[in-house]
Amino acid sequence: MSDIPHDSPTSARIIVGVDGSDHSKEALREGARLAQALDAPVEAIACWHDPSVYAAPYRNISELKPEAFRAHSQQMLENTLEEVFGQDRPTRLSTRLLHGRPAELLVEESKNARMLVVGRRGVGGFLGMILGSVSSALVSHAHCPVLVVRR
């Protein structure tokens, strides 16, 4: 994973929230197109959080270790990048894996971003919802413009 400085209040980066869903894959494509058009860096961010007793489909208690969840999230991010870009990844693309709740982390990251791009719905949620809980929270609380991409 590469790092772009994000402590600068004038950061021009475009952040894309990635969770492996088809909606987030389309958001990643659109975020990369916008970044190229605006000559801006693009950062794909995936979030993970500690397992709980309700974590499915894990049946073996050894699979509930935080390291397994982190590794799964890292692999999901890599698989998503591979599916979306193949070998032709944008030159100014960086990635980060953050620990915590996606809505809270992305709102915080939006303080130093030009734009935040997310899919309309992620891997969770209920069919038929207009917006998922994360995209809805970002539209309401982000510190930069938010683009919600439909699949």
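Analyst: Contact here means heavy atoms within 4.5 Å. This is a predicted model, in which local features need pLDDT of at least 70 and side-chain atom pairs count only at pLDDT 80 or more, while totals for chains, interfaces and linings use all residues. Residues are numbered from 1 along each chain as its sequence is written, and side-chain values use heavy atoms, with hydrogens and water left out.

Leaving aside neighbours within four places in sequence, Leu28 is in contact with Val16, Val18, Ala44, Thr80, Leu81, Val84 and Phe85. The largest nonpolar core has 22 residues, and Leu28 is among those that touch the most other members, along with Val16, Val18, Ala44, Leu81 and Phe85. Such a core is a set of buried Ala, Val, Leu, Ile, Met, Phe, Trp, Tyr and Cys residues joined through side-chain atoms within 4.5 Å; buried means under 20% relative accessible area (1.4 Å probe, protein chains only). Two or more residues each come from E1, H1, E2, helix H2 (66–85) and E3, and H2 gives the largest share, six residues. Helices (H or I, at least four residues) and strands (E, at least two) are DSSP runs, numbered from the N terminus.

A second, separate core of 11 residues includes Cys47, Leu98, Val118 and Leu138.

Helix H3 (residues 102–109) has Ala103, Leu106, Val107 and Glu109 as its buried residues. Seen down the axis of H3, these fall within an arc of 160 degrees, so they line one face of the helix; the arc is that of the directions from the helix axis to the C-beta atoms. They pack against strands E1 (14–17), E2 (42–48), E3 (93–99) and E4 (115–119), and against helix H4 (133–141).

Key
Buried < 20%, exposed > 50% of the residue type's maximum accessible area, 1.4 Å probe, protein only.
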